[in-house]
Structures are given as C-alpha cells and as structure tokens.
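Work through the exercises below with the sequence and the structure side by side. Try each task before reading its solution.

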Amino acid sequence: YTVVKLTDQVLTFANLEAQQEDMTRRAGEMAAFARRAAREYRTPLLYIQAPSKLDMAALPEGIPDYSDAEADQFLAGLEAEGVDTLDLRPVFRSAAEKDPEALGQLFFHTDHHWTPEGAFLGYQAICETLRSDYGFQIDDALTDPASFERFTFAGQFLGSQGKRVGTLYAGTDDVEIWSPKFDTDFTYTVPLSGIERKGPFAVSLLFPERLAETGLYDTNPYTIYAGDDYLLSRALNHTDPDGPRVLILRDSFGCALTPFLALSCSELTTIDLRYFEGDLLDTIAGLEHAEMTRCAYAIEY
C-alpha cells in the first residue's frame, strides 16, 4: 500500500493497482454463519460495517478505491439474506458534513484507526441499535461524552502510515485516555497471554502503562485500549452482572471499541478471526461453559 495525504495533515493508505472484488461469496458465507448461530444457539448476529477515513474525505484524483462499492455490495447481500446490519459510514459522513475538522478528530492523522473519540461515536451508534432492536437497557450516562474525563498526551503516537513516511512528512498524533467519572469494576482476562486485570475501567480495560514505553517507531499507544489484537479476551462487568452477554468477532478497530462496549453489558468476549482456526460456533459453545482461565483448549492458534 502507498501512503497519500487526504489533507495537509491526514494520511491514508491507497492501493494504486486496486481492482474491485465481487463480495457475493463472502456475503453468502456470513449469512450462512448467521443462520447457523440462530438455529443452533438462538443467538442473533449483527454485522457492523466500520468506517474509514475515505468515508470522510476523498483520495487525490486518479487514485482508485473500491472499498465503498464492495461494502455496499456486501451489506446488500446480507440484507437480502435477512441478516441484521449496522452501517457506521453514514454516521461519520454526517460528522464530516457538520464539522470540517471532524476527520482529524475521529481518526488519527498518522494511522488508519479511529481515535478514542471516533470509537466512542461508533459505540454510541451501536448502543442505539442495541436499545432499539435488541432490548438492551443502557443508561444514557454510559453513552454521554460528558460522563468521561479525557487526558491528552501530546505527540506520543506515530501510526502505521506515519511509520512508513517519517515524522517530517507525517507529524505525530496525540494520545487521549478516556476514563469514566462514574464507578466501574471489571475483570479483564486474556488467557493465552496470561493476563488478568481487575478494577476500574482505566486500570482493567485500559493499559496506560504503554505510555511509559519509548520510541515512536517501536511502540503502539493505540493498544492502550484493550491491550492488543488478542485472539481471545473477556471483560466481566461486575456493576451489571445481570446484563446481556456480547461476543465481538473483531479486527484491530475493536481495540478502542471494546472497553466502551463492555460498559453496556455483563460480559464482553472478543475473538480476533485473523488468528483463529477451527469451528467458530463450536468454540463459542465451549467458551459458554468454561472458565476463562481454562478455555485455551477450545482455541487453535
């Protein structure tokens, strides 16, 4: 991938030899998985289309990009099969229309991921759907930015795009830590990495010690949120033990989203399919009845 500038500050990836892919087969596979989950485990599936920087700003003229067209085809295929979907792209486009500075606030300048503020915007949209379509009872305070303190650490992050072109071209990004003003209590476990963290949101689901690591090219402060792209993790919310349980099949955008969404359910389990092998639903069934510290048997990695 080539790094290009969308604005004077914001970078993105571009594939100069991109060809549009047919998403029909992939949509069919996802629909088949959703039907099996509903049939065997009575578990509804919601597919969430994550946004990108290109939903808020255009590539320079002459550079091809088919991601929107592919996402549109994929979503249409799912909807034709009766699979629930939530498209976050219009939410971010609307933010860009309202505020010309929104792109640099919702995505890192030097990285392809959303910022904590961007992840929180996605979280708000997800919670709205969980309330309206799935009966979740989510307190308004949990999705109100005013309920969080925000701490900014200037110039601490050089993202995946910035690392390719250097700080003179890209600059650096600030890192922001969001911490709830209300009481929280979690146990966060990553069994395959031997991690168990207990306590408030800011010390269990966040890893602020990452800020002590030095070297812009050797560190990734984005993983302050949720720790890393772990194959398997689970957050138990002790302040809402009777709430719904959620499983996220995630990619790297899940890092910043996971801590926020954990506030709105009793238990949040994540599986990163990029590192997974085996039968997914059989694994999920095994996790349901296993202690997190003993469930590594269910995962091949």
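**Exercise 1.** Over the face of which residue does K5 lie?

*Solution.* The model is predicted, so local features need pLDDT of at least 70 and side-chain atom pairs count only at pLDDT 80 or more, while totals for chains, interfaces and linings use all residues. Residues are numbered from 1 along each chain as its sequence is written, and side-chain values use heavy atoms, with hydrogens and water left out. A charge sits over a ring if NZ of Lys or CZ of Arg is within 6 Å of the ring centre and within 35 degrees of the ring normal. K5 lies over the face of Y169, at 4.3 Å from the ring centre. The charged end of R197 is placed over the ring of F207, 3.8 Å from its centre.

**Exercise 2.** Describe the aromatic pair of F108 and F157, and explain which parts it ties together.

*Solution.* Rings of Phe, Tyr and Trp (its six-membered ring) pair if their centres lie within 6.5 Å, and planes under 30 degrees apart count as stacked, over 60 as edge-to-face and the rest as tilted. By this rule there are 18 aromatic pairs. In the pair of F108 and F157, the centres are 4.8 Å apart with 85° between the planes, which makes it edge-to-face. Next, locate the partners: F108 is in the loop between α4 (102-106) and α5 (116-134), and F157 is in strand β5 (residues 148-157), so the pair ties together parts 49 residues apart in sequence. Helices (H or I, at least four residues) and strands (E, at least two) are DSSP runs, numbered from the N terminus.
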